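Here is a short tour of one protein model, written to be read with the structure open beside you. Please turn the model as you go and look up each residue as it comes along.

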Amino acid sequence: MIKETINKLNSELPSTVELVAVSKFHPFDAIEEAYRAGQRIFAESRPQELLAKVKRLEELRSERGEPEYMADVQWHFIGHLQTNKLKMVLPYVSLVQSVDSLRLLDAIQTWAAANERVVNVLLEPHVAAEQTKQGFMPEEIYSILEAASGRSPEGSAEMLPYDSICFRGIMGMATFTDEEAVIRSDFLALRSIFDQCRIRFPSMAPDFTELSIGMSDDYPLAIEYGSTMVRIGSMIFGSRI
Ligand SMILES: *Cc1c(COP(=O)(O)O)cnc(C)c1O
């Protein structure tokens, strides 16, 4: 079932759209099955669970006597990340998709500089109607990119240089609703922010290429709005326990 769904998605998704398999709440066995079907990028939303899976893979490698087992697997982080959990996540992920506050961004910059790493991030704007959702206002995103591109006007609020962060794009979620018009308008808003970033900060555009929108229920719509990365969980792995 996992294999069939991955094959189907791979044949259906345009070649410009990366499939990210959201494995949260599913056991490592399910990840291995998806890996055998060719899937390489997996996303987790809780630090504890990501770390457990990373450790499980290390165990499997030593049990099997194959240090290279699943060596090309990549982990993305897609959940709300508290600054005190950074150390559990940043060493293991190739992309943090869910950077939703300046406080988190600053903490990532500080960690990355101290550890001589560059961390790939997506910035998460707030567009969905839900009150509880975290995320940046579009203007905050433009200020961050302005600081990162070294164009901060004098006298602006102090910002870090973000020289240990690689800004790769935008991640977003549409409002949780069945109303297609609402989902479309959220995706359009996310797409516009993404386009604005690339237009206003051309020096960052070569890296700033990802628009991560679309989940199991709405990915076909997201693709219409220019998604380059879909994050699909329940469609591949079944409903979460
Ligand atoms: C859980 C989750 C997904 C996957 O959702 P499905 O509906 O299971 O495909 C995608 N993105 C984020 C941020 C998530 O937390």
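A residue is called buried when its relative accessible area is under 20%, exposed when it is over 50%, and partly exposed in between, using a 1.4 Å probe and protein chains only. This is a predicted model, in which local features need pLDDT of at least 70, side-chain atom pairs count only at pLDDT 80 or more, and totals for chains, interfaces and linings use all residues. Residues are numbered from 1 along each chain as its sequence is written, and side-chain values use heavy atoms, with hydrogens and water left out.

With that in hand, C197 is buried, at a relative accessible area of 2%, and C166 is buried too, at 15%. How many disulfides are there? A disulfide here is a pair of cysteine sulfur atoms within 2.5 Å, and the count comes to zero. The closest cysteine sulfur to that of C166 belongs to C197, and because it is 14 Å away, it is too far for a bond.

## Aromatic pairs

A pair of aromatic rings is described by how far apart the centres are and by the angle of the planes. Rings of Phe, Tyr and Trp (its six-membered ring) pair if their centres lie within 6.5 Å; planes under 30 degrees apart count as stacked, over 60 as edge-to-face, and the rest as tilted. The structure holds four such pairs. One of them is F42 with W75, a tilted pair with 6.2 Å from centre to centre and 50° between the planes. This pair links distant parts of the chain, with F42 in strand β2 (residues 41-44) and W75 in strand β3 (residues 74-77), 33 residues apart. Helices (H or I, at least four residues) and strands (E, at least two) are DSSP runs numbered from the N terminus. F42 is buried at 0% relative accessibility, and W75 is buried at 5%.

Y162 and F167 have ring centres 6.1 Å apart and planes at 85°, so this pair is edge-to-face. Both of these residues, Y162 and F167, are buried.

## Charges over rings

A charge sits over a ring if NZ of Lys or CZ of Arg is within 6 Å of the ring centre and within 35 degrees of the ring normal. R64 places its charged end over the ring of Y69, 3.7 Å from the centre.

Helix α7 (residues 180-200) has 21 residues and reaches 30 Å from its first C-alpha to its last. That is close to the expected 30 Å, where the expected span is 1.5 Å times one less than the number of residues. Which residues of α7 are buried? They are I183, D186, F187, L190, I193, F194 and C197. These residues cover an arc of only 115° around the axis, so they lie on the same side of α7; the arc is that of the directions from the helix axis to the C-beta atoms. On the other side of α7, A181 and I199 are exposed.

In helix α1 (residues 2-12), the residues I2, T5, I6 and L9 are buried. Their arc is only 100° around the axis, which puts them on the same side of α1.

## Two positive phi values

F25 is not a glycine, yet has a positive phi of about 70°. F25 lies in the loop between β1 and α2 and is partly exposed, at 31% relative accessibility. E116 has a positive phi as well, near 50°. E116 is in the loop between α5 (102-114) and β5 (119-123), and is exposed with a relative accessible area of 75%.
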